[in-house]
Each structure stands twice: as structure tokens, then as C-alpha cells.
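Work through these exercises with the sequence and the 3D view open. Try each task before reading its solution.

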Amino acid sequence: MSQANTSSDSAIGDAFEALLGEHCPADTIRAIESGGDAESLWATIDSSGFADALVDESNGGSGLSLAEALPLWVQAGAHALPLALAETMLARALLAPAGIT
């Protein structure tokens, strides 16, 4: 991996960490895990564009590779994100070329 990719990966991870730090505190995690509504957190992540990170740029995403998306998943785990983010990202990347959003 080149230095430029490492720096870019770090920036992506840092940006997602900041978003989760602000919008995914422990009380939110506990509430969702106890059956609370996750819609607000999903909406925040969705509007940030991170959920479409694997979607090709021509289909409205960022076109990241799996390796480039890894820092996002590391941060999701570190913050105990109670959402199926990785699965959603992969599904969107696979469905986008077929025009399914």
C-alpha cells in the first residue's frame, strides 16, 4: 500500500470516527440494542455517504476497494455500532450496477 493510500485510509477512518463519536454515544447504542429506533443513526450514516463507500463512483458512491473501506469497519467495531453497516455497504455495491438502490 502506498503512503498516499495509507494517508487517505487514515483520513476516511478519522472522519467516520468523528461522526460516530458525535452520533453514536453509549446511551444510543444501549437504546438500539434494547429494541429502540435506529432510524436516526441510520439516516445520519446514510446522509454522510459512508454507506455508499463501496458503490462505484458512476453509481453515486465513492468507489472504495474493500481494503480502503477497512478503516470504516474498524471504527464501526471500535464504537460497537449497532447497525449492519458492512453488510449494507456490500449489498449496495453489488446492487447498484443493476440500478437497485
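**Exercise 1. Locate Phe50 and decide: is Phe50 buried or exposed?**

Solution. Step 1: find the place. In this predicted model, Phe50 sits in the loop between helix 3 and helix 4.

Step 1: check the accessibility. Phe50 has a relative accessibility of 15%. Buried means under 20%. Phe50 therefore counts as buried.

Step 2: list the contacts, skipping neighbours within four places in sequence. Phe50 touches Ile12, Ala15, Phe16, Leu19, Ile45, Leu72 and Met89.

Step 3: compare sequence and space. Phe50 and Ser62 are twelve residues apart in sequence. Their C-alpha atoms lie 8.4 Å apart.

**Exercise 2. Which residues touch the most other members of the largest nonpolar core?**

Solution. Step 1: take the core as a whole. It has 22 residues. Phe16, Ile45, Leu81 and Leu85 touch the most other members.

Step 1: ask where the members come from. At least two residues come from each of helix 1 (3–23), helix 2 (26–33), helix 3 (39–48), helix 4 (66–78) and helix 5 (85–95). Helix 1 gives the most, with four residues.

Step 2: zoom in on Phe16. Leave aside its neighbours within four places in sequence. Phe16 is then in contact with Ile45, Phe50, Leu72, Gln75, Ala76, Leu81 and Leu85. Phe50 from Exercise 1 is on this list.

**Exercise 3. Find how the axes of helix 4 and helix 5 cross, and name the residues that make the contact.**

Solution. Step 1: recall the description. Two packed helices are described by the angle between their axes and the distance between the axes.

Step 1: read both values. The axes of helix 4 and helix 5 come within 10 Å. They cross at roughly 155 degrees.

Step 2: classify the angle. Angles over 145 degrees count as roughly antiparallel. So helix 4 and helix 5 are roughly antiparallel to each other.

Step 3: name the residues. Helix 4 brings Leu66, Ala69, Leu72, Trp73 and Ala76. Helix 5 brings Leu85, Ala86, Met89 and Leu90.

Step 4: sort them by class. The contact has nine nonpolar residues, no polar ones and no charged ones.

**Exercise 4. Which residues are linked in a network of salt bridges?**

Solution. Side chains of opposite charge can pair when their charged atoms come close.

Step 1: count. The model has two salt bridges.

Step 2: take the pair Asp46 and Arg92. Their closest N and O atoms are 2.7 Å apart. Asp46 is in helix 3 and Arg92 is in helix 5, 46 residues apart, so the pair links distant parts of the chain.

Step 3: take the pair Arg92 and Asp52. Here the N to O distance is 3.1 Å. Asp52 lies in the loop between helix 3 and helix 4, 40 residues from Arg92 in helix 5.

Step 4: join the pairs. Asp46, Asp52 and Arg92 form a network of salt bridges.

Step 5: check the accessibility of each partner. Asp46, at 34%, is partly exposed. Arg92, at 26%, is partly exposed. Asp52, at 22%, is partly exposed.

**Exercise 5. Where is His79, and what does it contact?**

Solution. Step 1: His79 is in the loop between helix 4 and helix 5.

Step 1: its relative accessibility is 19%. The cut-off for buried is under 20%, so His79 counts as buried.

Step 2: leave aside neighbours within four places in sequence. His79 is in contact with Glu17, Leu20, Gly21, Cys24 and Ile29.

Methods:
Residues are numbered from 1 along each chain as its sequence is written. This is a predicted model: local features need pLDDT of at least 70, side-chain atom pairs count only at pLDDT 80 or more; totals for chains, interfaces and linings use all residues. Side-chain values use heavy atoms; hydrogens and water are left out. A nonpolar core is a set of buried Ala, Val, Leu, Ile, Met, Phe, Trp, Tyr and Cys residues joined through side-chain atoms within 4.5 Å. Buried means under 20% relative accessible area, exposed over 50%, partly exposed in between (1.4 Å probe, protein chains only). Contact means heavy atoms within 4.5 Å. A salt bridge is a side-chain nitrogen of Lys or Arg within 4 Å of a carboxyl oxygen of Asp or Glu. Axes are lines fitted to C-alpha atoms, for helices over the stretch in contact, and angles run from 0 to 180 degrees between N-to-C directions. Angles under 35 degrees count as roughly parallel, over 145 as roughly antiparallel, 65 to 115 as roughly perpendicular and the rest as oblique. Ala, Val, Leu, Ile, Met, Phe, Trp, Tyr, Cys and Pro count as nonpolar, Asp, Glu, Lys and Arg as charged, and the others, Gly among them, as polar.
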